[in-house]
Amino acid sequence: MIFVAVVVLIYSYIPLVMNGLVALLCAGGIYEVYSATGLIRKKLLSIVAIAVFSALAFVEIPFYPIILGAALAGMFAGCIYLMHGVGRIKSVKPWLVFCISVMMTLMFKSISEIRYSDRGLLLLIYATLIGVLTDTGAFFVGRAFGSHKLARVISPKKTVEGAIGGVVLTFGVTLVGALIINRIGSMFVNVANICIFSVVGSVVGQFGDLAMSSIKRIAGIKDYGKIFPGHGGVLDRFDSLMFVLPFTYLASQHVIPFFA
């Protein structure tokens, strides 16, 4: 996965590469959600949904930041509803699956939007690192010190200590990285802004992880797929990033500047 990520980043200046990556993530994510919820049995509907939403990766969407903000808020609301209902909700309704597919597509599309924004490559790498550092900190701190369950029904292995560890590691690496960049002098990083964002982004990523896990628990499955041996499917690997990436795009371009 690291090799593929490096190759994609090297050629990310080519629109076809970035849009193709977004289309693949959309197709894989929608297929997995439809499979988990049983809608995949409606073959025509599934094929049309995957084709149409994946094609949106190559289309310029008017007022995209506004639409993305609405999609992200809607995804938060829908996932909170599902997370609260784990153990009580028997299945995810088709209308909600459709809404999740639309919002998922808009959220994944932020990958290419980030890349072609100012300092886009650096922002894309940084957003990815937030997900990686959060997962790494949560895993090791949780294994070493975890005793208080974070969300026992949704994800039994996650702990409060692990969640805090993920945030702390992300914050620490961001702080050190920003200070080093400013010391080198190649560009200026707003240390306060980017450190605040690292904390919020880490929390957003962990929410995304739990949110997508709630669908699996309602569906009664362990993983969304097997495309990544030992790791699961697209949504098992990109669940947190699916939330962090649009949050990064909206925050860096329209809320708080990171670089000068």
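**Legends to close-up views of a predicted model**

**View 1. Overall surface and dimensions of the chain.** The chain exposes about 13,200 Å², of which carbon and sulfur atoms supply 72% (accessible areas come from the Shrake-Rupley method with a 1.4 Å probe, and for residues only the protein chains shown count as cover). This is a predicted model, in which local features need pLDDT of at least 70 and side-chain atom pairs count only at pLDDT 80 or more, while totals for chains, interfaces and linings use all residues. Residues are numbered from 1 along each chain as its sequence is written, and side-chain values use heavy atoms, with hydrogens and water left out. The C-alpha trace spans about 55 × 45 × 35 Å along its principal axes, and 48% of the 260 residues count as buried (buried means under 20% relative accessible area, exposed over 50%, and partly exposed in between, with a 1.4 Å probe and protein chains only).

**View 2. Secondary structure of the chain.** The chain comprises 10 helices and two strands, arranged along the sequence in the pattern α-α-α-α-α-α-α-β-β-α-α-α (helices, H or I of at least four residues, and strands, E of at least two, are DSSP runs numbered from the N terminus).

**View 3. Nonpolar surface patch that includes Ile2.** Ile2, Phe3, Val4, Val6, Val7, Ile10, Tyr11 and Tyr13 together form a nonpolar patch on the surface with about 870 Å² of accessible area (patches are made of residues with over 30% relative accessible area and no salt bridge, like charges being joined within 9 Å and nonpolar side chains, namely Val, Leu, Ile, Met, Phe, Trp and Tyr, within 5 Å). Ile2 lies in helix 1, residues 2-10, and counts as exposed at 70% relative accessibility.

**View 4. Salt bridge between Asp209 and Lys158.** The side chains of Asp209 and Lys158 meet in a salt bridge at 3.1 Å, N to O (a side-chain nitrogen of Lys or Arg within 4 Å of a carboxyl oxygen of Asp or Glu). Because Asp209 lies in helix 9 (residues 191-219) and Lys158 in strand 2 (residues 155-159), the pair ties together parts that are 51 residues apart in sequence. Asp209 is buried, with a relative accessible area of 14%, whereas Lys158 is partly exposed at 26%.

**View 5. Salt bridge between Asp236 and Lys216.** The side chains of Asp236 and Lys216 meet at 2.8 Å, N to O, in a salt bridge. This pair links distant parts of the chain, with Asp236 in helix 10 (residues 234-254) and Lys216 in helix 9, 20 residues apart, and both Asp236 and Lys216 are buried.
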